[in-house]
Amino acid sequence: MFGGKFISRCGVALIPSLASFLLAVVFIVSQFGRFSFGPYALFTAATVLLGAVYVAIGVGLSGLAKSNRRAGILAVGAFALFQLFWGTLVNIVAYLKTGSSMMVAPYPAWTYLVKWLSPSGAYEGLLHLSLLPSLRIASGGQPPTYLSPWLVVVLLVWGIVPFAVGYWRFENAELD
């Protein structure tokens, strides 16, 4: 039942995304007459993985909650943490490490590590390192290449661990 919840929610989230990616391919080919499949497939796969990770986090958190209301609050809180507050966390770590509240580009390599530990950060880093290897990061620094393969692992950990914990809690919960 718990796995079915994950699969159905992935379908609801990912089928429209995949349909829009397919529509974009049709548009690109119709407008430009050519299409580079490799980078687009990598972008699509990374985006689908990110969507599945957020679904897994949401389903895992719902397995931890005792009510739908709490599950919703946990899901919104997790999303806010990753989208709104993770950058602040990076700044706090930078302040603790350097003693300065202002980071100047190029940023040290460890800032990329902290930034890319969130699901969205890992996705962003994966796209930067995989699809834009010749471009410099907007911050002025070049991210360390040793992070590239680990970004997929970061995404997988964010998808598997919350889901597994939620599943374990759901299976071991006392039913009222």
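Predicted model: local features only at pLDDT ≥ 70, side-chain atom pairs only at ≥ 80, totals over all residues.
**Entry 1: S118**

Next I looked up where S118 sits. S118 lies in the loop between α4 (109–115) and α5. Which residues touch S118, once its neighbours within four places in sequence are left aside? I found F82, W86, V154 and W158 in contact with S118.

**Entry 2: the chain as a whole**

I then stepped back to the chain. I counted six helices and zero strands, and along the sequence I read the pattern α-α-α-α-α-α. The chain has 176 residues, and 32% of them are buried.

I turned to helix pairs. Two packed helices are described by the angle between their axes and the distance between the axes, so I looked up both values for each pair.

How do α2 and α5 run relative to each other, parallel or antiparallel? Helix α2 covers residues 37–64 and helix α5 covers residues 119–131. Their axes come within 10 Å and cross at roughly 170°. Angles over 145 degrees count as roughly antiparallel, and α2 and α5 are therefore roughly antiparallel to each other.

I listed the residues that make this contact. On α2 they are P39, L42, F43, A46, T47, L50, V53, Y54 and I57; on α5 they are P119, S120, Y123, L126, L127, S130 and L131. Sorted by class, the contact of α2 with α5 holds 13 nonpolar residues, three polar and no charged ones.

**Entry 3: α2 and α3**

The next pair was α2 with helix α3, which covers residues 68–98. I noted an angle of about 140° between them, with the axes 8 Å apart. That angle makes α2 oblique to α3. The crossing of α2 past α3 is right-handed.

Which residues of α2 meet α3? I found Y54, I57, L61 and S62 on the α2 side. On the α3 side I wrote down A71, L74, A75, A78, F79, F82 and Q83. By class, I have nine nonpolar and two polar residues in the contact of α2 with α3, and no charged residues.

**Entry 4: cross-check**

I went back over my lists for repeated names.

Terms used. Residues numbered from 1 in each chain as written. Heavy atoms only, no water. Helix = DSSP H or I, 4+ residues; strand = E, 2+ residues; numbered from the N terminus. Buried < 20%, exposed > 50% of the residue type's maximum accessible area, 1.4 Å probe, protein only. Axes fitted to C-alpha atoms, helices over the stretch in contact; angles between N-to-C directions. Parallel < 35°, antiparallel > 145°, perpendicular 65-115°, else oblique. Contact = heavy atoms within 4.5 Å. Nonpolar A, V, L, I, M, F, W, Y, C, P; charged D, E, K, R; others polar. Left-handed = near helix turned anticlockwise from the far one by under 90°.
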